[in-house]
Amino acid sequence: MSTLVFGHKSPDTDSTGSPILWAWYLNEVKGVEAEAVLLGEPNTEAAFVLQKWDLPKPRLIDDVAEGQACVVVDTNNPAELPASINAADVQAIIDHHKLVGGLETKGPIDITIRPLACTATLMIDLMGDDAAKMPNWAKGAALSCILSDTLEFRSPTTTDHDRAVAEGLAADLGVSIPDYAAEMFAAKSDVSHFSDAELLRMDSKTYEVGGKTFRVSVLETTAPATVLSRKASLMDSMITVAKEDGADQVLLFVIDILREEATLLVPNDLVRQVAEKSFSTVVGDADQVVLPGIVSRKKQIIPNLAL
């Protein structure tokens with residue numbers, strides 16, 4: 001039985017590329033039969049990365065069988081994993097998020113969680129000297145993950161080590177980081193063919209704050225006006241998405257990558273209260289609020305959410 005390697009639901013570039021990277025390492029270096037899989041369709045940026053480096057899209061799965069050997073990457077949150085994850089044989093966790101708790105394992109496992117901006121950076125550290133064996137497509141996947149998670153080093157989650165690893169990969173590949181990042185962000189910004197509900201779920205995670213359950217959605221883009229032009233329909237769709245997903249409210253943050261700010265849509269008094277208490281701002285009667293300097297859900301949005 002192959003070991004399945006996967007990240008979180010609603011896979012972004014890191015949760016698409018890092019499983020591919022670690023599956024390569026297990027297969028080619030450790031001699032362990034492994035397969036990268038996804039818990040949903042990759043977003044537009046991740047799809048671009050797969051095409052750019054000629055990588056086949058990993059198989060999509062809905063759940064895992066009892067006893068299925070697996071490695072969890074880029075999350076340790078059961079809410080972002082298959083429903084039957086605690087019945088599977090989780091053999092390792094490789095992550096860069098805070099420890100959530102709730103996962104159960106068949107026995108002792110390897111867990112590595114480090115305060116880095118990207119899972120791929122951590123994986124390269126874990127590979128040690130074997131990282132030099134990575135083929136160009138693997139280096140390209142790793143570089144893509146780091147540039148995506150750091151927003152080309154704009155995110156406050158970026159460490160000097162993330163930057164150094166990315167610059168080393170780019171040098172090996174002969175890739176210009178600014179030019180390649182611009183290509184990636186352009187792909188991420190093209191959301192024209194997605195429905196409102198798909199946009200709200202595309203890069204989202206569920207959190208509880210003050211007894212309320214929020215689906216916290218982030219759309220990172222170099223063309224925020226394109227998303228904000230759909231503001232009315234997006235706010236209407238929040239009601240349906242929240243109900244279907246068992247949440248009290250959807251919070252949508254449109255991240256302007258170039259201006260390094262977020263626009264939070266404010267459809268009702270609940271979101272207005274969250275915005276004002278969480279980010280020390282005054283919304284008034286407006287249906288949106290700009291939050292300067294806010295670009296990271298992990299470091300700036302989630303830790304500050306309050307009611």
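## The nonpolar cores

Welcome inside: the largest nonpolar core has 72 residues, and W22, M134, V216, L251, F253 and L305 touch the most other members. A nonpolar core here is a set of buried Ala, Val, Leu, Ile, Met, Phe, Trp, Tyr and Cys residues joined through side-chain atoms within 4.5 Å; buried means under 20% relative accessible area, exposed over 50%, and partly exposed in between, with a 1.4 Å probe and protein chains only. Another core, of 17 residues, lies apart from the largest one and includes F194, L219, M235 and L252.

This is a predicted model, where local features need pLDDT of at least 70 and side-chain atom pairs count only at pLDDT 80 or more, while totals for chains, interfaces and linings use all residues. Residues are numbered from 1 along each chain as its sequence is written, and side-chain values use heavy atoms, leaving out hydrogens and water.

## Two residues to look at

Is T119 buried or exposed? T119 counts as buried because its relative accessibility is 0%. Leaving aside neighbours within four places in sequence, T119 is in contact (heavy atoms within 4.5 Å) with D14, S18, V73, D74, I94 and H96.

## The protein as a whole

Buried residues make up 57% of the 307 residues. Among contacts between residues at least 6 apart in sequence, 63% join residues at least 24 apart. Along the principal axes, the C-alpha atoms fill a box of roughly 60 × 45 × 35 Å.
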